[in-house]
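Have a look at the picture first, and then we'll go through a few spots together.

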Amino acid sequence: MDRSEGIKLVLSRITNDLIVANLGPTTFDLHFLGDRPENLYSWGGMGLVSSIALGIAVTVPSRRVIALDGDGSLLMNLGSLATIARQSPSNLIHIVWDNQQWGETGGQPTHTAFNTDLSKIAEGAGIPNVSRTSTIEEFSTALDLALSSEGPSCIVARIVEAGKADRPKEVEPNANLIRFRNSLD
Amino acid sequence: MSWIDNIIAGLKSKNINVISYVPDVVTWKVLKELEADPFFTVIPVAREEESLGVAFGVYAAKGKAAVFMQSSGLGNSINALTTLAIPYSAPFLMFISLRGDLGEFNPGQVAGGKAVRPILDALGIQHYTLDREEKVEEIIKGASELCFNGKEPLALLIPTILTGGKRGSF
């Protein structure tokens, strides 16, 4: 599977869930495949999408929050897995698109291309529901489980890097944040 | 009231109820009270930059957050300020307990402590120093208005002259 297949599947299974998208390809793809007010795109803060999602999750516990992360970004902020496990918000799903590379900087292999397994790190951090997937069928099953379980959940989805959508024509972080906030009304 | 009670009263009066932190000896005097108070949702993190991500998320969800850190943690937080909080205009209060301040014993804390205000100035982040116990609550109230109306992060520095530092006195 690739990232766009994964994002399409996520979008097909949710209604008004809040999504926080990692910077670069995940933001570009989510914007291209399904721009909606409940999407918060990242133009900075590399590594922090799961922390941002945690802040949202504790503030609006009645809403489900989905963080779309990447392997290179999560490797920058591994402590967040332990923080999420300690806080244990039941409405948080953390999905990691693991393409085993820093895609935005030339495709250099990340640590997950070698011996590192982010799903084991998530398990070791104490996240209650952790899945590791490598096909769209496995991802679909894991997503259904996460959507029907008390969270927090973490899905580490191995993907093939198949390119990304063009970035949005206008890069407007503040306008995006305002729209996201207004979507909560 | 003590500076500890004054900080808590200031936060409560402005409904700042999500607190994310990496502890130090000084701020723990406040944080342990916050943890015991059901008004607050308190989120300890592993590294300071995370707490800014959490505070950003709280604002995205229409809440109000404050972070607590030691001055050494400001260096760990700069990317979240420059690439997230500032370009998105996302406000939150940052309580920074100063090391490298009066009474410091550790050379390893001096360079970072001295640099706190120049770093904040370079980033254009307004900062106020809580150096008089009787003014602490008032400054927090005013800072909260400024921060959340101005839609910028704002720093409140906790100097050792207020708290006595790590040992409580010099």
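Where is the place of Ser77(B) in chain B? Ser77(B) sits in the loop between strand E3 (65-70) and H4 of chain B. Keep in mind that this is a predicted model.

So what is around Ser77(B)? Not counting residues up to four places away in sequence, Ser77(B) touches Glu48(B), Glu49(B), Leu52(B) and Met69(B).

Now for the helices. In chain B, the axes of helix H3 (residues 48-60) and helix H4 (residues 78-88) come within 10 Å and cross at roughly 10 degrees. Angles under 35 degrees count as roughly parallel, so H3(B) is roughly parallel to H4(B). Their crossing is left-handed. On the H3(B) side, the contact is made by Glu49(B), Leu52(B) and Phe56(B). H4(B) brings in Asn79(B), Ala80(B), Leu81(B), Leu84(B), Ala85(B) and Tyr88(B). Sorted by class, that contact has seven nonpolar, one polar and one charged residues.

Another spot to look at is Val136(B), in helix H6 (residues 136-150) of chain B. Leaving aside neighbours within four places in sequence, Val136(B) is in contact with Trp3(B), Asn6(B), Ile7(B), Leu130(B) and Leu162(B). The C-alpha atoms of Val136(B) and Thr82(B) are separated by 27 Å, and these residues are 54 apart along the chain.

| Residue | Relative accessible area | Class |
|---|---|---|
| Ser77(B) | 0% | buried |
| Val136(B) | 0% | buried |

Why is Ser77(B) called buried? Buried means under 20% relative accessible area, and Ser77(B) has 0%.

Conventions
Residues numbered from 1 in each chain as written. Chains lettered and ligands numbered in written order. Predicted model: local features only at pLDDT ≥ 70, side-chain atom pairs only at ≥ 80, totals over all residues. Heavy atoms only, no water. Axes fitted to C-alpha atoms, helices over the stretch in contact; angles between N-to-C directions. Helix = DSSP H or I, 4+ residues; strand = E, 2+ residues; numbered from the N terminus. Parallel < 35°, antiparallel > 145°, perpendicular 65-115°, else oblique. Left-handed = near helix turned anticlockwise from the far one by under 90°. Contact = heavy atoms within 4.5 Å. Nonpolar A, V, L, I, M, F, W, Y, C, P; charged D, E, K, R; others polar. Buried < 20%, exposed > 50% of the residue type's maximum accessible area, 1.4 Å probe, protein only.
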